[in-house]
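Here is a briefing on one protein model. Look at the structure first, then work through the points below.

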Amino acid sequence: MRNGVGLGLLAALSLTSAAAFAQTTAPIPVAITVDAAKPQEELRPIWRFFGADEPNYATMKDGRKLLGHLGALKPKSVYFRTHNLLNTGDGTPALKWGSTNVYTEDAQGRPVYNWTILDHLFDTYLAAGVRPYVQIGFMPQALSTNPEPYQHAWRPGFDYNLISGGWGYPPKDYDKWSELAYQWTRHCIERYGQAEVETWYFEVWNEPNGPAYWKGTPQEFHKLHDYAIAGVRRALPTARVGGPDVAGSGGQFMEDFLTHVTDGTNYATGQKGTPTDFLAFHAKGSPKFVDGHVQMGIANQLAGIDKGFSMIAARPTLKDKPIVIGESDPEGCAACQGPSLSYRNGTVYSSYTAASFARKHDLAKRRGVTLDGTLTWAFEFEDQPYFAGFRQLSSNGLDLAVVNVFRMFSLMGPRRIEAVSSGQIPLDEIIAKGVRERPDVGALASLDKDRVAIMVWNYHDDDIPGAAADVSLDLKNLPKGFAGGKLTHYRVDQDHGNVYGAWQRMGSPMAPTKAQYDALEAASGLAVIDGPPPSWAKTGATVTFQLPRQGVSLLVLERKP
C-alpha cells in the first residue's frame, strides 16, 4: 500500500484517466525539419556512463543481467562508477552501502590487501563489456581517524545525512592511503593489462563538498586527493585521473579545488598542481508532488549543468579538459522512495532523459567545453518488490522504459545534423522555467555514412495526461542512396517499450508467474511500431506520426544496399 491506496488501484486509475483524456484532447501540430546538408558538432555518446551506491549488486543475478544489457549498448565504451569500493566489510549489500574488505591491518599495523571481492566486481564489469570508472573511496576502517560507528543504519524515510559513518573520515596515515591506491592500480595492471587500465577513469571520493560523504575540511580533501592520485600515477604514469565529483556545480569548494589542481602545492609531491585529465561535478533535478501528481524539475538540473560548465570554461588552463557529469539525474537519492519520486518506473523518466540529454549537448556547445559523459546514477536493487519506486534501470531483471531511450541513443551516429522543431522550447526558456506550460516536442538528429537517426520527444514536467503531438517530419537534402531506404520507427510510450505499463495492464501482480514474467520481459525491449510510409521526394522525404505525451520516438533511415 502507498498513501492508503493499493498500487494496482493507482495503476488502474492512471490508465483510465489517461485513456479518457486522450479521447477528448486534440493533438498538437508540430513541424520538424531535419537538414542532412547542415552538419553540426560531433554527437559524442555522452549517455554511456552509469553508476550506483551499492557495488555488490553488480555480481548478483539481476545485476549481471543488467550489466550485460548496458555493455551491449556500446561494448567496451560503457563505464560504471560506484561508491564504497574500499569499504571494510564482508561484501553483503544493503541500500546505500557496499564493501570489499580490500584493506585491513595485522597486529603490528602493517597493511593486508585482499583483492578477492574487488576482482569479482571488475571481472563482472569487463565480462559484460563495461569498464570501471574507478572511485577511490571510501575509507577502510583500519585507516579511518574516526572508525566507529562504521556502517550506517540508514533506510528510506530516514534523514539522508544518516548515511554517514566511519568510512567518511580522513585517513590517519596519508602514506598508507597513497600506498593503497598504488597497490590497487598495480594489481589491476597485473590482472587486466596496462592497455586496459589506461582506458579507465580514476577519481577520488564522492561529493566531498557535502556533509554526508566527507567529514574532513576542504584542505584535507585536497590532501586526500593528491595522495591518492600520486599513488595511481606512481603505478601507472599514463592513468586517466581527475575529479572531484562534487555535489552540484560545487560552488566555492569547486573553485578552490580548481585553483589547487592548477596552482596549489601538491600535498604528496610538493610540486605545483595536481595531474588532471578530466573534471567532474554532479547535477540533479528537483521533482515535487503537487496537486496529486509529480512535477519534474528539469530547469534545476540544466541550470546546475550550465553553472558547472561556466566555472570550468572560465579557467583557461582547464577549459579544454573533458568533463564528466559524474551523477546526472532527475533528483538526488536513488534508494529513496516517496510520492515525489513516483516518476521513476514509467515514461516520465524516459522522456525526461531524452529531453534533458539533448540540452546537455546544447549547453556544452554554448559554453565551448567538451562534455565527455553524463552519468546516470541508477542501476538495480536486488530482490526488491516489483517496481518498488527506486530510481533504477531495471526491476527484478526487467528493463524499465528509460533503458530503451539509452538503446535509442546507442543507434545514433557520430555527427549531429540540424533539426528544427516548431514544438521545441528554447534552451534559455527551459532553463528559466522548465516545461510547465506547453509541452517540449523536440528533436535531435545524426548522420553517418549509412544511416540517419532522428530522436523526437513529447515531454512535460507535469505527470498528468496531456495532448499527443501530430508530427510532420521533413527530411531534407538526404545524401545519395537514402531515397527509398528502409525506415524503422522505434517507440517508447505507455504501450510500447514500457514494461511498467505492461505490468499495470496485467493487473500489477506482486509475484508474476513464469508465463507472466516472460510476457513482461518481452515487453521490456525496444519496440518497433508501424506507421504511414514516408512520402519520398528527389532528395528528401516526409514522415507523419502521432507521439503521445511523455513518448519518445527514434526514426532510423538506412541507405539502400
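**Helix 8 first**

Helix 8 covers residues 298–313, and its 16 residues should span 22 Å at 1.5 Å a residue; the end C-alpha atoms lie 23 Å apart, which agrees. The expected span is 1.5 Å times one less than the number of residues. Helices here are DSSP runs of H or I with at least four residues, strands are runs of E with at least two, and both are numbered from the N terminus.

The model is predicted: local features need pLDDT of at least 70, side-chain atom pairs count only at pLDDT 80 or more, and totals for chains, interfaces and linings use all residues. Residues are numbered from 1 along each chain as its sequence is written, and side-chain values use heavy atoms, with hydrogens and water left out.

- Buried means under 20% relative accessible area, exposed means over 50%, and partly exposed is in between (1.4 Å probe, protein chains only).
- In helix 8, the buried residues include Ile298, Leu302, Ile305, Phe309 and Ile312. Asp306 of helix 8 is buried too.
- Helix 2 (residues 61–73) has 13 residues. From first C-alpha to last it reaches 19 Å, close to the expected 18 Å.
- Among the buried residues of helix 2 are Asp62, Leu66, Leu67 and Leu70.

**The barrel**

- Eight strands form a closed barrel in the order 2-3-6-7-8-9-12-13, with parallel pairing. Neighbouring strands of this sheet are turned by 30° against each other on average, direction ignored.
- Two strands pair if DSSP finds at least two bridges between them.
- Strand 2 (residues 49–52) and strand 13 (residues 370–377) run parallel, joined by 2 bridges. Phe50 stands opposite Thr376 in strand 13.

**Helices across the strands**

- Helix 7 (residues 251–263) lies across strand 8 (240–246) and strand 9 (278–284), at about 160° to strand 8.
- Helix 9 (residues 347–367) lies across strand 12 (322–329) and strand 13, at about 160° to strand 13.
- Axes are lines fitted to C-alpha atoms, for helices over the stretch in contact, and angles run from 0 to 180 degrees between N-to-C directions. Contact means heavy atoms within 4.5 Å.

**The whole protein**

- The protein has 13 helices and 24 strands. Its radius of gyration is 24 Å, close to the 24 Å that the globule rule gives for 561 residues, so the protein is as compact as a globular protein of that length. The radius is taken over C-alpha atoms, and the rule is 2.2 Å times the number of residues to the power 0.38.
- The C-alpha trace spans about 75 × 55 × 45 Å along its principal axes.
- Buried residues make up 57% of the 561 residues.
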